Amino acid sequence: MNILRLDRRVIFVLIALATALPLLFPVNLPISVSPRVKAAYDTVDRLPAGSYVLVSLDYEPDIMAELQPMSIAVLRHCFRKGLKPVVLTLYPAAPGLIERALDVASKAEGKKRNEDFVFLGYKSGNQSVILGLGESIRTMFPTDFWGTPLEQIPMMRGHNSYADFPLVINLTGSSIADYYIRIAATRYRRPLVLGATAVMTSDYYPYLSSGQVQGLIGGMKGAAEYERQMGLFGDARRGMDAQSLVHVVIVLLVIVGNVALFLSGGMRGGASGGTGGGTGGGIRRP
Amino acid sequence: MNLDAQTWIAAFLTLCVFSFLYRDNPFYRFAEHLFVGASAGYLLAVNYQNVLRPNLIRPLAQGHMIALVPLFLGVILLGRMWSRTSGIARWSLAFYVGIYSGIAIPSYFQGQVFAQLADAVKPFAPGWGAVNSALVLIGFLTVLSYFYFSLPHRGVHGMSARVGIWFLMVAFGASFGYTVMARVSLLISRVQFLLRDWLHLIPGA
Amino acid sequence: MNPQLDTRLFEPARLNLLIGLALFVLFLVVNIARARGGAAMFIRPMAGLKAVEEAIGRATEMGRPVLYVPGLGDMSEGGTLASITILSRVARRTAEMGCDLEVPGYDPVATTMMEGAARQAYVEAGRGDSFRAGSVHYVSAQQFAYVAAVTGYMLRERPAANIFMGSFYAESLFLAETGNLTGAIQIAGTDQVTQLPFFVCACDYALLGEELYAASAYLGREPIQLATIAAQDWAKGLAAGIVIVASILTALGHPEVGRLLQTR
Amino acid sequence: MRNGPYVVTFLTGALIVSFFFIPHHRAQEAQSVILDWSNVVYAFALILGSVTLWAGHQRKVATRAPGWAYSVVTLASLAFVTIWGVAQGVEEGTAVNAFYNSVNSPLASTMFALLAFFIASAAFRAFRARNTEATLLLVTAIVMMIGRVSVGEFIWPGFPKLTEWLLDVPNLAAKRAVAMGVGLGAVSTALRIILGIDRTYLGRS
């Protein structure tokens, strides 16, 4: 028996099972909603029906796992409240994903393109586009994603810049969020709801306390909380069972490893691995 | 392309990559080589469409002779292909490194040095929060002392650096544990793709 | 976009930054003068750096290559600039030992520079003709395509030592775990704080944050380079002083000091 | 002439640093022109790099080196994507875009998803309580992992609060100090280059 040198493929199999089984057989573990997600939900929920919302969805397929369920949940919430989202993206590989999210959300809530929502598509230029939206949406996006001139879309009449939108929502996995905070929230003083990948989220806590951001949805967990708040059972909540199980499996593996180490007498420093950091400056593997 | 065919191709490539977990094999090797070629080509095409066309070809076609400057800098860089002309490329590299060092200096100074300083001198939180503020301050100073290179880690400085290491270790542990969820999210999404979009074993969103 | 064109020649909101920068340059100049004057520059040893030498030695003994991964930063990232200098030292060592060096590049401009730096290091070691054309080469500027190629190399060529120096992102753990599987000695250094936990866990040695920069100056052991580390230390001392004084003043009811550090 | 490139680096570097402090519109316009030029240089470097990539794989095919068949895959995908992307563009609806969506995207997302496995194997191997530092790393990582998922709340309702504390106090303190040190190190490295103290980047140390 040598658990300490367990073939890593055993670990891989455990992780694969812990991910796939809960997706096939969901148990729907309860989750609690954090105040940050609650604040995001309430900000959307408080808007009167018919309000326009500018929604910038800026992520590419490699991180869609965290943000696509979030987009669907937030869009469904907008539709359910009778809000009118105007959706755009600043990433070239994103339109396909957004088209799918809009399709799922609008069908689920029975809404129609160009009457209940508009999809402007992709525009290159990151920061300069975000700045440009403060002046004129039509200059930045002369047509919508499918090539219809904005002039011919009745829903867009009289809506051309931040001033016409009582809420801006940005869901992203990159520093696009910083630009929206700096430009839409700070310069144009628009209420802003932010969604981010889990890794990014804690970097944006300070903007919540400073009031520049009204609500913050972090990663798959945040999306699951949003779904829970809406009473939905979407991809994020489905994923959370798998999350719980994988986390537990890793923790158990670590505990087993340490028990084995203790039993083999390695705790007193007899095993390989050296003294750890702090002596010479660099760090040996702890 | 047919959406079904796209799903099958994507599923095949997904499995090719997953096979890496077992060990290196021809499927992974195929996916790897395909990926390298496709991404290098994609970057070339994107740079042609978004950089060379608007910033070089169009201005030259319209007679803006100033665009000869970047053309010259670019062409001499290609001198690196042959050893006899390789030296001339140094001029455009010198230009390039000057620009980006010039960008780095104020942006690191503002974004990392001053921004952190400004955050570090914010007033202590009231009540029990002050304990946390004090801990942050102690952590900041001890970790900074770990990075003080001109003194050996002995005596008071050594103790402070050691406490700094403890703070670093706690931060690393927290950061590691925190990242697990993000990575598992990505795996869940790939498994969902296989089980739902490809095999239709679980219901749609 | 702005109807009123800005005609100011100085941004007053950045005066504090300008003063700070001037002060830092002053620290640099003073320390370089000290070094030129022959003052001894003590820089504490870094275990990770000694390990680089050992790793190259082991690779030579085993007759296997050294893999140097310069990170996925572009030229505006300090980590990439530091990595070029470190590569030049590593290449000098592999040239002297007669060990094969493999450097897959991510940023094409940085790769071009690294090729020149490595070639020069071989020439300076008197081994210009043993520099293998194509040992420093561009792979892909797409993160995971790059990772696929580098991990493929690790599995097939089995380098004896993997040296990761520069700015790394999510790929850090991918590279380090694959390298661990192949049994290579692994030494990493990055300025990306979010990736440090993974390098610390999966590599034999890790240079943390600023140590990467110190390493780029330290490896040359030239007094003038070391003087720049001393200047950084002075700046850190000053920063610590400012934080302590400002915290005391704020506690006494004078929070103004903090505002002097706000920038735009 | 030998020192010419270093003068270029110094001048462009100093110019870009000064633009940071000069809000005058002409300075800002000049900066964006120079940045456009640097993008052109980048594009040419990409061409240079891709040519060497091509040549390397071509050599493998020509000499029938081991694994040469895989190099054919790289060459074919590189040629296909480059030619179509340059001729037709890379926007939604083009062949290259469809290719990107069915090849590059699933490959990139699956590669990224493999990190979920590696984070588990790294945790198992590295998180061993051998000494104080390693124990701190291990304990915080475990607390963090349990506290992030719903199971944690069942075990002890205080877990989510504890994880937030770990992120907001020790993690913040350490990150802040590391960021400041990195900022200073980066500034000093860039200054060494602009001032000509470090000359390795142009191939002369």
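Visitor: Why is the pair C:K236 and C:E210 called a salt bridge?

Guide: In this predicted model, the closest N and O atoms of C:K236 and C:E210 are 3.0 Å apart. The cut-off for a Lys nitrogen and a Glu carboxyl oxygen is 4 Å, so the pair qualifies.

Visitor: How many salt bridges are counted between domain 1 of chain C and domain 2 of chain C?

Guide: The count is 1. As for the domains themselves, domain 1 covers 47-220 of chain C and domain 2 covers 222-264.

Visitor: What makes residues of these two domains count as being in contact?

Guide: Heavy atoms have to come within 4.5 Å. By that rule, 6 residues from domain 1 of chain C and 7 residues from domain 2 of chain C take part. The domain centres, taken over C-alpha atoms, are 33 Å apart.

Visitor: And how much area do the two domains bury between them?

Guide: About 560 Å², with 49% of it on carbon and sulfur atoms. On the domain 1 side, C:E210, C:A217 and C:G220 supply 64% of the area buried against domain 2 of chain C, more than any other three residues.

Visitor: Which element gives the largest share of the domain 1 side?

Guide: That's helix α8 (residues 210-218) of chain C, with 4 residues.

Visitor: What kinds of residues make up that side of domain 1?

Guide: The side touching domain 2 of chain C has 3 nonpolar, 1 polar and 2 charged residues. Glu counts as charged, so C:E210, the salt-bridge partner of C:K236, is a charged residue.

Conventions: Residues are numbered from 1 along each chain as its sequence is written. Chains are lettered from A and ligands numbered from 1 in the order in which they are written. This is a predicted model: local features need pLDDT of at least 70, side-chain atom pairs count only at pLDDT 80 or more; totals for chains, interfaces and linings use all residues. Side-chain values use heavy atoms; hydrogens and water are left out. Domain bounds come from an automatic or database domain assignment. Buried area is the accessible area (1.4 Å probe) that two parts lose on being put together, summed over both. A salt bridge is a side-chain nitrogen of Lys or Arg within 4 Å of a carboxyl oxygen of Asp or Glu. Helices (H or I, at least four residues) and strands (E, at least two) are DSSP runs, numbered from the N terminus.
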